[in-house]
Amino acid sequence: MSTTGATADPLAALGTLPGVAESVESMRKAVDRVYGHRVMRRRSNELTAEAALRGARGSAALSGADWALEEVRRRTDFSGDAEARTMGAALRLSSEAGQLLSIWRQSPLRVLARLHLVAAASNEDAIGRPRQQGEPVDEPLVELPLPGAAEVSGRLDGLADLVIAGGSAPALVTAAVVHGELLALRPFTSRNGLVARTAERIVLIGSGLDPKSVCPAEVGHAELGRAAYLAALDGYVSGTPEGMAAWIAHCGRAVELGARESTAVCEALQRGAA
């Protein structure tokens, strides 16, 4: 992660980049529309469950398992081929995210290890810990240069320090940096994309921006498409002010689209159509 200059609060500095404040404001308005809907007062639990399902579907799509929503609802066995296992991992992570909120601010690395354990669902030695030098990474859809294990360890520690320290940065900025850093590092031997998007969701929920988890950014990331997602990630990895701002704006737009999806679900519930 790169910032525009030395500061005691580098995440807050990112919030001052051109266009970021506008992205934050636009996202907040979209989130407020969902929380202001009358359905939220009576059926928020249903909306949270639906958002979790749709978010898992969106995250899996970006990891190569682009299934129709009704197929995800219908299936009960996700132990078959690679796509089914990816979908199963996304669903498990979506269920797990809400249980880790209290740990995240005190021990983000512990949470990331748990997320990988849940996603991988394996007893292999490499599961649930950062990869070691020479270990391969199975993340075929992200083709960026792979940082070495020593760099991964140092940057993970730095990311954890930023999360624990808190600060005045908007939730969107923190969530985007956590997401982008994990994708850039790919600290685990597998399932890094799924883990990164779940960590983004944890930040958005835990910050109080989306406390009921009804604005799944994963839906928006999938809707914007894999090509746009990877292009925005290139901006993050570049470390330039323009690239960082573009990545944050992309993440903000994804939250907006997730909020729009849940607003549509609210309307459907209100009509009795869902």
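**Pockets, a helix and salt bridges**

Guide: By class, the largest pocket is lined by 11 nonpolar, 10 polar and seven charged residues. Keep in mind that this is a predicted model.

Visitor: What volume does the largest pocket have?
Guide: About 600 Å³.

Visitor: Which lining residues are closest to its centre?
Guide: Ala82, Thr86, Asp138, Ser190 and Arg191, out of 28 lining residues.

Visitor: Which elements give two or more residues to that lining?
Guide: Three helices do: H5 (82–97), H7 (108–120) and H10 (192–206).

Visitor: And which one gives the most?
Guide: H5, with seven residues.

Visitor: Which elements supply two or more of them?
Guide: Helices H6 (101–104), H8 (149–165), H9 (171–185) and H10. H10 has the largest share of that lining, with three residues.

Visitor: Switching topic. What span should helix H13 have, and what does the model give?
Guide: H13 covers residues 241–271, which is 31 residues. At 1.5 Å a residue, it should span 45 Å. The C-alpha atoms at its ends are 45 Å apart, so the two values agree.

Visitor: What follows H13?
Guide: Gly272 does, with a positive phi near 80 degrees.

Visitor: Now charges. How many salt bridges are there in the structure?
Guide: There are 16.

Visitor: Let's take Arg74. What does Arg74 form a salt bridge with?
Guide: Glu71. Their closest N and O atoms are 2.8 Å apart.

Visitor: Is Arg74 buried or exposed?
Guide: Arg74 is exposed, at 57% relative accessible area. Glu71 counts as partly exposed, at 23%.

Visitor: Which residue does Arg75 pair with?
Guide: Arg75 also has a salt bridge with Glu71, and here the closest N and O atoms are 3.1 Å apart. Arg75 is partly exposed, with a relative accessible area of 26%.

Visitor: What about Glu96, which side chain does that one meet?
Guide: Glu96 meets Arg114 in a salt bridge, at 2.8 Å from N to O. Glu96 is in helix H5 and Arg114 is in helix H7, so the pair ties together parts 18 residues apart in sequence.

Visitor: Is Glu96 buried or exposed?
Guide: Glu96 counts as buried, because its relative accessibility is 11% and the cut-off for buried is under 20%. Arg114 is partly exposed, at 34%.

How values were computed:
Residues are numbered from 1 along each chain as its sequence is written. This is a predicted model: local features need pLDDT of at least 70, side-chain atom pairs count only at pLDDT 80 or more; totals for chains, interfaces and linings use all residues. Side-chain values use heavy atoms; hydrogens and water are left out. On a 1 Å grid over the protein atoms alone, a cavity is a set of points where a 1.4 Å probe fits but cannot get out, and a pocket is an open set with protein on both sides within 12 Å along at least five of seven lines; lining residues have an atom within 4 Å of a point. Grid points are joined across faces, edges and corners, and a volume is the space filled by probe spheres set on the points. Helices (H or I, at least four residues) and strands (E, at least two) are DSSP runs, numbered from the N terminus. Ala, Val, Leu, Ile, Met, Phe, Trp, Tyr, Cys and Pro count as nonpolar, Asp, Glu, Lys and Arg as charged, and the others, Gly among them, as polar. The expected span of a helix is 1.5 Å times one less than its number of residues. A salt bridge is a side-chain nitrogen of Lys or Arg within 4 Å of a carboxyl oxygen of Asp or Glu. Buried means under 20% relative accessible area, exposed over 50%, partly exposed in between (1.4 Å probe, protein chains only).
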